[in-house]
There are 2 protein chains.
Amino acid sequence: MTTDATETGAPARRPRGRPGHDREAVLRTAIDLFTRRGFDATSISDLAAELGVTKSAVYHHFPSKEALLSAALDEALEGLSSAVEAAATATDGERSSVRLRTTVEAAVRILAGNLPAVTLLLRVRGNSDVERAAMERRRHIDERLAALVRQATAEGDLRGDVDPDIVSRLIFGMVNSLADWYRPDGPLREDALAATISSLLFDGLRPPRPSGG
Amino acid sequence: MTTDATETGAPARRPRGRPGHDREAVLRTAIDLFTRRGFDATSISDLAAELGVTKSAVYHHFPSKEALLSAALDEALEGLSSAVEAAATATDGERSSVRLRTTVEAAVRILAGNLPAVTLLLRVRGNSDVERAAMERRRHIDERLAALVRQATAEGDLRGDVDPDIVSRLIFGMVNSLADWYRPDGPLREDALAATISSLLFDGLRPPRPSGG
């Protein structure tokens with residue numbers, strides 16, 4: 001909400017195209033510093049120094065450190081939110097288990113494609129209004145996924161012996177662990193990763209049983 | 001290593017039995033503060049104030065903040081390490097997949113029973129020698145689990161279409177997520193949780209297929 005406030009005003013003096021100076025570069029570098037050093041331990045001065053610009057150049061794009069955090073968390077939340085909403089409101093008659101699988105694979109791709117922002121999101125502990133708002137949105141996403149698990153279980157497509165709320169937490173647990181170990185520049189591509197995780201979750205670790213056995 | 005250094009020396013003046021003042025209480029409160037506020041943001045003064053004792057009463061048990069962190073991380077690592085070592089060195093002829101399942105269930109119980117210390121361990125980023133040593137021990141545990149997954153796959157008891165290293169990361173991802181959501185005072189007991197997680201991992205989310213189908 002606050003992150004776009006600086007986009008208006010003083011357009012004539014806006015230093016366009018200066019290297020390391022545009023809004024996107026400021027946000028990338030802020031996410032990197034917040035993740036490596038922690039939000040509290042990072043100042044706007046640190047950020048400006050890392051970018052090689054003045055503090056006012058940073059403030060030109062973001063009015064405060066909180067606005068930077070908010071933009072970073074929004075980035076992580078937007079994609080996840082859209083994927084879960086799309087699955088929750090689908091009206092094409094697809095079974096819930098199919099929509100759940102689609103959602104899990106979309107979530108894997110979103111996480112793998114936005115690792116720095118997602119890592120920041122997963123470390124948020126509710127220490128400020130911005131962090132609490134992000135946690136509230138995460139809870140909403142969790143609830144949507146849990147509802148989908150409940151529907152799929154009620155339709156008989158998921159085993160009925162485990163509490164759907166526990167199942168959805170464990171699904172997100174496995175998916176979110178990507179932030180700790182996945183390397184986008186490694187050999188495992190996002191699509192293969194998404195297929196692997198959904199297959200492990202739905203089919204388990206055992207080899208396929210011979211039919212009729 | 002350093003954490004036992006203060007156990008010797010000046011025993012005559014040691015204030016035994018004073019409430020909130022023994023080594024165990026100091027460690028519990030430190031883990032709680034480190035987890036809630038962060039290690040960097042917590043001082044020995046904060047810890048002493050929280051315990052209602054003097055700083056020197058804290059130093060009586062732990063020579064430094066790093067020694068407290070080291071003791072906390074040791075606590076989280078000891079149980080995990082033992083469980084994985086026991087499984088890795090078992091000589092009773094049990095199949096690797098059975099030992100893997102036993103290890104996963106032991107890991108769940110250890111995490112669920114030591115949540116504050118484990119939460120601290122999982123947030124460690126390698127910012128000091130103590131943190132780097134803990135990360136090295138975690139890596140060693142991860143490698144032992146990955147070796148067990150490889151053996152079980154080679155024995156034909158796990159599906160062969162997923163890289164065992166990815167499998168072991170995803171197993172730990174699901175198990176470690178407990179630190180974010182499991183409540184030891186909730187309705188789900190540790191044993192049921194361990195059985196649920198290992199069953200989901202091995203058998204997947206689908207309901208059992210009818211035999212012959």
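The side chain of R28(A) makes a polar contact of 2.7 Å with the side chain of E75(A); such a contact is a pair of N or O atoms within 3.5 Å, where within protein one must be able to donate a hydrogen and the other to accept it, and residues adjacent in sequence count only if both atoms are side-chain atoms. R28(A) also joins E24(A) through a polar contact of 2.6 Å between their side chains. This is a predicted model, in which local features need pLDDT of at least 70 and side-chain atom pairs count only at pLDDT 80 or more. Residues are numbered from 1 along each chain as its sequence is written, and side-chain values use heavy atoms.

Where does R28(A) lie? It is part of helix α1 (residues 23-37) of chain A, helices being DSSP runs (H or I, at least four residues) numbered from the N terminus. R28(A) is partly exposed, with a relative accessible area of 34%; buried means under 20%, exposed over 50% and partly exposed in between, with a 1.4 Å probe and protein chains only. In sequence R28(A) and L68(A) are 40 residues apart, while their C-alpha atoms are 9.8 Å apart in space.

Now to confidence: pLDDT, the predictor's confidence in each residue, runs from 0 to 100. Chain A has a mean of 87.

Finally, meet I171(B), one of the residues with the most contacts inside the largest nonpolar core, which has 138 residues. That core is a set of buried Ala, Val, Leu, Ile, Met, Phe, Trp, Tyr and Cys residues joined through side-chain atoms within 4.5 Å.

Note on methods
Chains are lettered from A and ligands numbered from 1 in the order in which they are written. Helices (H or I, at least four residues) and strands (E, at least two) are DSSP runs, numbered from the N terminus.
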